Amino acid sequence: MVITRYHPVHALLYLAVSFFASSMVFLSLGAPFVAALEIIVYAGAIIVLFIFVVMMLNLGNETARQEREWLKPKVWVMPAVLVLLLLIEMIILLFSNDTEPMQIAVVEPRKLALSLYGEYIIAVELTGFLLMAGIVGAAHIGKHKKEELHRFLQNGQGDQQKTKRTRKTKAITNEQTALHE
Amino acid sequence: MILVWMISILLIGGVACWLVAQRDPLACKWTALVAVVAAFLLPVVWYLRHTPVVDGNAWLIDYQVNWIPAFGIGFHLAMDGLSFVMILLTGLLGILAVLCSWREIREKTGFYFFNLLWTLAGIGGVFVAMDLFLFYFFWEVMLVPMYFLIAIWGDFNRRNAAYKFFIFTQTGGLLMLLSILALYFIHGQQNNGNYTFDYFALLNTTLGNNATARWIMLGFLIAFVIKLPMVPLHSWLPDAHSEAPTAGSLILAGLLLKTGAYGIIRFVLPLFPDASAGIAGWAMLLGVVGIIYGALLAYAQTDLKRLVAYTSVSHMGFVLLGVFSFNQMALQGVVMQLLTHGVSTGALFALAGMLKERLHTRDINQMGGLWTAMPHMGALAMVFVMASLGLPMLGNFIAEFLILLGAFEVNPVLSVIASLGLVLSALYSLRIMQKVFFGQIQTITDPPADVSAREWIIMASLTIAIVFLGLFPQPVFNLVSGVVEQVVRL
Amino acid sequence: MNSAQMVLLVATVLFTLGLVGVLTRKNVIFMLISVEIMLNAAGMAFVAAGSKWQQPDGQVMFLFILAMAAAEVSVGLALVLQIYHQHKTMDVDRLKELRD
Amino acid sequence: MQQLLTYIPTLPLIGFIVLSLFGRKLSKPVIAAIGAGTVCIAAIISIVLGIAFLQTPPSGGAWQQLLWSWFKVGTLTVDISLRVDALTLVFIFIITFVGALIHIYSTFFMWRDADYARFFACMNLFVCSMLLLVMADNLLLLYLGWEGVGLCSYLLIGFWYDVPSNCRAANKAFLITRIGDTALLIGLFLLFKELGSLNMTTILQQAPGHFAAGSSTITLITILLLAGGMGKSAQLPLQTWLPDAMAGPSPVSALIHAATMVTAGVYLIARMNGLFLMSPVTMAIVAIVGAITLFVAGCSALAQTDIKRILAYSTISQIGYMFLALGVGAWSAAVFHFFTHAFFKALLFLAAGVVIEALHHEHNIFMMGGLRKRMPAVYITFLAGAAALSALPLVSAGFYSKDAILWYSWSAAGGSPVLWFMALAGAFITALYSTRLMLVVFWGEMKTPIHEQPNRGMIIPLLILAFFSVTAGFIEWPHNMFQVTLFADHVQRVLPETLMKQNEPSEALLQGIAALVTLAGIYLGYVLYYGKSGVRWQQSPGLSATRNFLFSGWKFDQLYSFVFVKPYLFLTRINKGDVIDRLYSAIAQGSMRMNTWLSVSQNGSLRMYIVGVLAGILFIITLQLFL
């Protein structure tokens, strides 16, 4: 349902539903901590982020209409067929080797935490770096580009496009001379 | 120590040129000139003061310090007769190259002279480096600035020419690097982990004539014959020569090509005597093919510099033929050919540059009758055209004569075919004179000026050099006799 | 047919659905959403595997995926903002700046 | 005496250096003084030397002067060293003496030319190289002179460089002689390989011990040397350059292409007589080449209309006589013919130069005529030259030398009646075309007005040469007349004696036949060309095909153009772009095309990328499934 919605907010709502569902699956697999995290982080934080963006960009019915235009069968049939193939193959792979049934056991958060800060300590730190970089990067992209945009706006949008085009044509002529030679 | 000074003066001079040029381009030219002159007066003065007795295989100078001892890399410079002769040639042509570019270069003067001087430093280093790692280092030092010289100050097609030059020579260079490393490890394994890049130590590596030796030898050889160039690998040369600025062509033809031949004499033959004897027949054959093929192509060209470039291919065929004759006369002839070809072809390129400066074209169909306007230049051109076709009295004749004579003792058939090159060389050389200087003068509004004072200096020194080599070649033969005998003995 | 395989099957289906989303949608936001689904599916597979072997490692991996997803979403959305500001469109087919 | 040797080639060399460096700044009288003066002094020195040589022959038969050691590599030692023996002395004398006269003549002849200094610089260089050629004591120095004269010939043929045809002629001359030179060079290699030396004395001493007489090696060596000589001396099949070489100024034709350079081949063979004698095959080839050349060139001379080309073909023909003489082993006769030929052919060229100059550069003999009355001095001297050329019995130098060759061609060891008959036919033709030349140019009515009378300075050398053309023969009489054989005695200090057959016909009979044939030729020429009949005869249609054939020099040029020049040009033209270079360009272009092709996939569409990834995954998994 998520992928077929035209309206972004609808899609996000269905996404939240899917997150809840998967958290239930986690719970049934004996991973309560992960199930909780799923709800908190995905359904809480990430969805909220999306919603913020949707609000900031003012995506509403306009976008929905646009999406309806874009989402023609011609567009999605080919990928869908490919993906279907993939799905079939993966299922075949899954069931090709039959294993003994497993018993579900609860893995406690405590055990999880121990291993997280024991053997995976370096990975945790790296994740920290990644998040840090994500934050800094997001902030930087959000801020810096805007300044650039301002400058271009001051100089006039056309100017920028012109410089770009000239650079491109120059590159093309270089290539052509190289070919010619 | 004197060699270190020589190279470092050039390197520092190059940087100084770059810095000075931002204030005053003229001062930069003088800086370059002073640096080149100083750098090459050093060995000459040293030689005059010491005048060592030349005999056997005396190493005139030997300077060695550790550089990266962990890998057995030393900073080892040494000079024997062969190196000294090549250094002299480098000096002469280096000074002339600076003079040649005095008026030709108007843009980015500082960077230009920086590149020029660094190329010269690289060439000088190649001729004296006795550590294979150092040799490779200098090999690259001479390559990269040359690339810039062609790519920035060249003619219309310069980018293409520069790429071609770089790709060809770099391919060779990398093959050589592989071979150097292979040799390094083989030597290290043979001598219980005593890994070293030193030339003299590596000379003792026993390789024999097995497949390994042949492959390693081929790696060196390909690098050198690309530089030389040998015929199937020559195609970078006409482009690079014709597109490079005058000084660039001068250095390319006069010096860079010589590094290839020098490398063969210095490294390939002594390091792999058996393996190189194994392919001598093929190498000689390719040399002869080069002589004939280059001459045929030279005749067909209409671009003056391109024509001269193909004559280089032809003349370098003689070098290959001579080197692989393993004959004292042929090898002496090869060294002579290196010198005289450097002088004569350098002069022809300088002439082509002067003509281009005046007429703004290199197309010989658009020239003609220039003797009327420039009798002096015509006479000078005549001298070097005659040198290029091997007229006795001028140096090239002695070189080619000795090479052919030496090769004749080894392989008469090839030598006879190579002699046909002399007839073909007459064909293309006379074509230059006929198209450029003879005939009706083309309708040029104002006749171009004759040779200027600066150009007189350039051409006069080259003329004196070539006549001297033609009539009194013995000093050169004495200087290199040690090296040659050593190679022949192998 | 046991439960681990069932879970894996679910994860696979979820993954392919996400992939279809990424492939068919032109809107960058929808693509990002689909990517989230795919990440979620991957995480689910990890957890399933972890519970099968009764080890915490699968869950640790899920945590890492979670963190990565968060970072990715934040950066991705910032980019979306910028792209929208610069090009006034969210259509990936018209954003071919990568080409040269 | 010996020290004087150095000065002979050095003086012209100094003249060359001074003139080429400062020629443009000097005034014309100074240039003339330097140019002609150096050669005149050299001539005086050589005469002094000659007298000294005749009075007190040096020990060992030669003077030797080492200047410096040229180079010494391995076993090869080459010195710059001069050596003068009896044979060389003859050549030195001719080169400097005739050279000096021609230089004096040219100071007036070239007076109005803008490039006065260049002319004399080249002429002086030529004299220097030619002297080095004949004075060299080793073959490499000889080769130096050999190429040097080729260079000067090239420079002087193309002296008036602004006419393209002159340059073409110069190129042709240089190239064709270069082919011969290369053969000579290969001969040197072979000699060095066999004998380990290039010194002529050493070679001549060692050769008999080293080679078996008539062995294939010695034959090969001598044939290669002969090829060199054929190129320089314009013998068949390398003769085509000489008629074209007439594009140069007349003094050049006189000095280089008649008197001296073209006889270098004769010198080489005479000098290397020891080698040639060891190979009967080569000797026969030399004789046959000479005989054929003299006949072919003589026929061509008959059909020419350009006065200088007539003389050029006659030069080829006369050198053919010399080769014939060499081939039959009549060494001294060959050198003697060179001696007299130098005088009368130089004379003829110089006189032709005067005529051409006087008639506004008119070369066609049928546009001349009636000059007998208007230029009596030229007429008389030309008559002397033509008489010597046609070997008018007893009163011309040509008779004495040519008669000897005719006789030897039958009766010498290598001779045969066939060769004799060819030579006789040649003599007849020579007489015929000489008469034609005289009659058409000097008799009849005037067709082009004389534009100016020649300068006296040009007439004096003509008179001197005319004097020698008549009298030079008196130093060597046929054996059956007076016992005066000064020349042969002199030369035979170096050259071996001619071997004779046993029962040859009497010399007087052959002489009588030769004289009769010559007179018959002159008479036929008189009948055919006297008065207006000459023009009619020339224009008769029945002979036009033959005439065209002979006029073009037996179509040798066309043949070479078809066999060598055109294929060569074709080869160079199709390969102008360098096939191998194309190969590399093809690699470059291939990768370039690959680049454009692959960059289609790099279209920036994110979804396409993902499809790509997906396809990849599918592929891998499918592989996994089926393998």
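1. Burial in chain B. Of the 490 residues of chain B, 63% are buried, a residue being buried if 20 or more other C-beta atoms lie within 10 Å of its own, exposed if 12 or fewer, and partly exposed in between, with C-beta atoms placed from the backbone. The model is predicted: local features need pLDDT of at least 70, side-chain atom pairs count only at pLDDT 80 or more, and totals for chains, interfaces and linings use all residues. Residues are numbered from 1 along each chain as its sequence is written, while chains are lettered from A and ligands numbered from 1 in the order in which they are written.

2. Confidence in chain B. The mean pLDDT (the predictor's confidence in each residue, from 0 to 100) of chain B is 84, and 97% of its residues score at least 70. Among the elements of chain B, the highest mean, 89, belongs to helix 4 (residues 109-128), and the lowest, 78, to helix 15 (residues 370-373). Where pLDDT is low, the predicted coordinates should not be read in detail.

3. Fold and dimensions of chain B. Chain B contains 20 helices and two strands; these are DSSP runs numbered from the N terminus, helices being H or I of at least four residues and strands E of at least two. Its C-alpha atoms fill a box of roughly 75 × 60 × 45 Å along the principal axes. Of the contacts in chain B with a separation of 6 or more, 80% are between residues 24 or more positions apart; a contact requires C-beta atoms, placed from the backbone, within 7 Å.

4. Chain A. Chain A has seven helices and zero strands. Of its 181 residues, 19% count as buried. Residues 24 or more positions apart make up 50% of the chain A contacts with a separation of 6 or more. An unreviewed UniProt entry lists "transmembrane region" at residues 12-33, 39-59, 75-96 and 116-141 of chain A; such annotations may be inferred rather than shown by experiment. In the model, residues 12-33 of chain A are 86% helix, with end C-alpha atoms 24 Å apart. For residues 116-141 of chain A the figures are 88% helix and 31 Å.

5. Chain pairs. Five pairs of chains touch, and chains A and C make the most contacts. This contact takes 64 residues from chain A and 59 from chain C. On the chain C side, helix 3 gives the most, with 24 residues. By class, that side has 36 nonpolar, 18 polar and five charged residues. Here Ala, Val, Leu, Ile, Met, Phe, Trp, Tyr, Cys and Pro count as nonpolar, Asp, Glu, Lys and Arg as charged, and the others, Gly among them, as polar. Chains B and C have no contact, and their closest C-alpha atoms lie 21 Å apart.

6. Nonpolar cores. A core is a set of buried Ala, Val, Leu, Ile, Met, Phe, Trp, Tyr and Cys residues joined through C-beta atoms within 7 Å. The largest has 444 residues, and B:Leu117 and D:Ala346 have the most contacts inside it. Helix 15 (residues 331-358) of chain D gives the most to this core, with 20 residues. Apart from this core lies another, of 57 residues, including A:Phe26 and C:Leu14. Beyond its neighbours within four places in sequence, B:Leu117 has contacts that include B:Leu10, B:Cys17 and B:Val36.

Conventions. Contact = placed C-beta atoms within 7 Å.
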